[in-house]
Amino acid sequence: MNVVFHLQVLFVLTPFAACQGHRDPASNPNIYAQIDYKMEKSIITTISCWSPKGSLPINYTLYRDTTLLMTKVAESRRKAEFVVNLSISELLKTLKCKADNGFGSKYSRGLVIDLSVNLTSKPDPPILGQQLELYCNVTYKAKGDYTWYFVYPAKNTTKVTKQNQYIIEAANVGIYYCSVHGYFSNRVEVLVQDSSFQPVVVGVCVGAILLLILIIGLICFCSATEAHRFNIA
């Protein structure tokens with residue numbers, strides 16, 4: 001009887017113990033950068049590596065091209081963060097993360113930190129007097145401020161925000177651009193609407209109406225003529 005009971009307990013607990021010891025391989029990690037501070041010839045950036053799947057602990061290694069920069073073990077959470085000081089020339093090199101939890105190495109995509117700034121607008125192109133949404137876009141996570149520049153015919157103004165979006169309720173004639181960490185974007189320009197084409201449009205419309213009247217009159221004349229011939233016959 002005791003032998004049967006122990007066999008039953010062993011039968012129940014064996015799958016549970018197997019599940020407890022099961023480990024999953026780490027997936028290819030994601031990589032992204034946050035610019036913390038920009039100096040004259042270098043930047044301080046936080047590089048984050050994160051494998052969405054895989055059992056902990058995960059060993060992360062950060063490379064610049066083929067050069068090993070840092071290693072870190074993620075034991076209680078999936079993400080590892082590396083604070084790196086990169087010179088401006090080193091930004092042209094590719095950063096990559098490696099994740100390994102005992103099932104073989106998995107690598108992230110290559111990351112090149114691009115400090116260029118791109119300004120977009122909605123609507124595009126802007127329309128004078130209508131609401132204008134401006135977006136100051138960068139390829140990294142910006143920790144600093146966004147500076148907005150508005151160049152109007154009568155005056156120039158600047159605004160500083162923490163968000164990369166700025167909304168103008170009624171766009172005025174002028175030039176708009178932004179900057180992040182001292183790097184300036186392209187410009188978006190609101191132009192004076194050209195009203196010189198309005199007389200042309202009016203003239204075309206009047207001509208079309210007169211042509212339509214002429215066609216209708218010609219159709220009526222032909223119909224009446226045909227009816228008259230029919231009556232005579």
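Q: Which residues of strand β5 make up its covered face, and which its uncovered one?
A: In strand β5, residues 79–87, the covered face consists of Ala80, Phe82, Val84 and Leu86, while Lys79, Glu81, Val83, Asn85 and Ser87 make up the uncovered one. In a regular strand, side chains alternate between the two faces of the sheet. Strands here are DSSP runs of E with at least two residues, and helices are runs of H or I with at least four, both numbered from the N terminus. The model is predicted, so that local features need a pLDDT of at least 70 and side-chain atom pairs count only at pLDDT 80 or more, whereas totals for chains, interfaces and linings use all residues. Residues are numbered from 1 along each chain as its sequence is written, and side-chain values use heavy atoms, leaving out hydrogens and water.

Q: How do you know that strand β2 and β5 pair?
A: Two strands pair if DSSP finds at least two bridges between them, and strand β2 (residues 42–50) and β5 are joined over 9 bridges in the antiparallel sense. Within this pairing, isoleucine 43 stands opposite leucine 86.

Q: Why are glutamate 81 and lysine 79 said to form a salt bridge?
A: The term requires a side-chain nitrogen of Lys or Arg within 4 Å of a carboxyl oxygen of Asp or Glu; the closest N and O atoms of glutamate 81 and lysine 79 are 3.4 Å apart, and the pair therefore meets the criterion. Buried means under 20% relative accessible area, exposed over 50%, and partly exposed in between, with a 1.4 Å probe and protein chains only. Glutamate 81, at 30%, is therefore called partly exposed, and lysine 79, at 24%, is partly exposed as well.

Q: What makes glutamate 90 and arginine 64 a pair that ties parts of the chain together?
A: Their side chains meet in a salt bridge with an N to O distance of 3.5 Å. Because glutamate 90 lies in the loop between β5 and β6 (95–100) and arginine 64 in strand β3, the pair ties together parts that are 26 residues apart in sequence. Glutamate 90 counts as buried because its relative accessible area is 19%, and arginine 64 is likewise buried at 15%.

Q: What makes aspartate 145 and lysine 162 a salt bridge, and how many salt bridges does the structure hold?
A: The N to O distance between their side chains is 2.6 Å, and the structure holds 4 salt bridges. The side chains of aspartate 145 and lysine 162 meet in one of these, linking the loop between β10 (141–142) and β11 with the loop between β12 (156–161) and β13 (165–168), at a separation of 17 residues. Aspartate 145 is partly exposed at 34% relative accessible area, whereas lysine 162, at 57%, counts as exposed.

Q: Why are β4 and β7 called edge strands?
A: Each of them pairs on one side only, in an open sheet of 4 strands with the order β4-β3-β6-β7 and antiparallel pairing. Strand β3 (residues 58–64) is joined to β4 by 7 bridges, and there threonine 61 has threonine 71 as its bridge partner.

Q: Why is histidine 181 called buried?
A: Its relative accessibility is 19%, and histidine 181 therefore counts as buried. This residue is in the loop between β14 (174–180) and β15 (183–184). Leaving aside neighbours within four places in sequence, histidine 181 is in contact (heavy atoms within 4.5 Å) with Ile35, Lys38, Tyr140, Lys143 and Gly144. Histidine 181 and isoleucine 43 are 138 residues apart in sequence, with their C-alpha atoms 9.7 Å apart.

Q: How do you know where confidence is lowest and where it is highest?
A: The comparison rests on pLDDT, the predictor's confidence in each residue, from 0 to 100. Helix α1 (residues 2–20) has the lowest mean, 41, and strand β7 (residues 106–107) the highest, 98. Where pLDDT is low, the predicted coordinates should not be read in detail. For the protein, the mean pLDDT is 84, and 80% of its residues reach 70 or more.
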